[in-house]
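Please keep the sequence and the structure in view while reading.

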Amino acid sequence: MLDLGCGRGAVLIAAARRLPQGRAVGVDLWSADQSGNRPEATLANAAAAGVADRIEVRSGDMTALPFPDNSFDVVTSAMAIHNIPSAQGRRRALDEAIRVLRPGGRLLIADPSPFVRRYATHLGQGTLRALGPGYWYSGPWVAVSLLQVVKQGAIEHEPVDAQGRR
């Protein structure tokens with residue numbers, strides 16, 4: 001899975017805890033801010049959570065992801081894409097998320113509701129769900145919604161033997 005704008009790793013670590021196998025990769029620009037947003041802090045949080053062996057952090061811009069097409073089964077972003085200053089940049093981040101997602105994979109984005117509605121319009125698909133008071137961004141006047149998109153296209157399966165083993 002890939003987490004865009006992973007910051008100190010809350011979503012990245014939660015996802016890594018649920019991965020039976022594989023890796024959780026976080027991408028961020030690592031700006032120095034009041035939260036101490038830096039790769040070392042994210043890795044320390046992963047170690048404290050017992051998932052450091054399943055976490056990788058990379059420096060990267062979500063509008064130009066450093067990964068090949070169809071690289072991830074799940075792509076997430078929580079409260080990050082709206083921080084891109086231009087609408088064009090936000091659309092490019094969405095296009096990049098879809099590009100690196102495998103066919104049949106899921107894109108999950110939580111952001112302020114007005115942005116999420118625009119994301120769904122840009123992508124031409126997806127299911128929207130209000131996340132409620134637990135996710136209000138600074139109060140009830142800025143509700144947060146979740147957009148879920150399943151990437152269309154053929155899903156390639158590994159061959160299985162007569163017992164269903166890969």
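In this predicted model, the protein contains 4 helices and 7 strands. Read from the N terminus, these elements follow the order β-α-β-α-β-β-α-β-α-β-β.

The interior may be considered next. Of the 166 residues in the protein, 40% are buried. The largest nonpolar core comprises 26 residues, and those with the most contacts inside it are Leu 2, Met 62, Leu 65, Phe 67, Val 75, Ile 81 and Leu 107. Two or more residues of this core come from each of β1 (2-4), β2 (24-28), β4, α3 (87-100), β5, α4 (113-123) and β7 (144-150). The greatest contribution is that of α3, with 5 residues. Apart from this core lies another, of 13 residues, which includes Cys 6, Trp 30, Ala 46 and Val 57.

Beyond its neighbours within four places in sequence, Val 75 is in contact with Leu 2, Leu 4, Ala 97, Val 100, Leu 101, Arg 106, Leu 107 and Leu 108.

The accessible surface of the protein amounts to about 9200 Å², and carbon and sulfur atoms account for 53% of it. The largest pocket has a volume of about 460 Å³. Its lining consists of 16 residues, with Val 11, Thr 76, Ala 78, Tyr 135 and Leu 146 nearest the centre. The elements α1 (10-18), β4 (72-78) and β5 (101-112) each give two or more residues to this lining.

Technical notes
Residues numbered from 1 in each chain as written. Predicted model: local features only at pLDDT ≥ 70, side-chain atom pairs only at ≥ 80, totals over all residues. Heavy atoms only, no water. 1 Å grid on protein atoms, 1.4 Å probe; cavity = no way out; pocket = protein on both sides within 12 Å on 5 of 7 lines; lining within 4 Å. Points joined across faces, edges and corners; volume = space filled by probe spheres on them. Buried < 20%, exposed > 50% of the residue type's maximum accessible area, 1.4 Å probe, protein only. Areas by Shrake-Rupley, 256 points an atom, 1.4 Å probe, with all protein chains shown as cover. Core = buried A, V, L, I, M, F, W, Y, C linked by side-chain atoms within 4.5 Å. Contact = heavy atoms within 4.5 Å.
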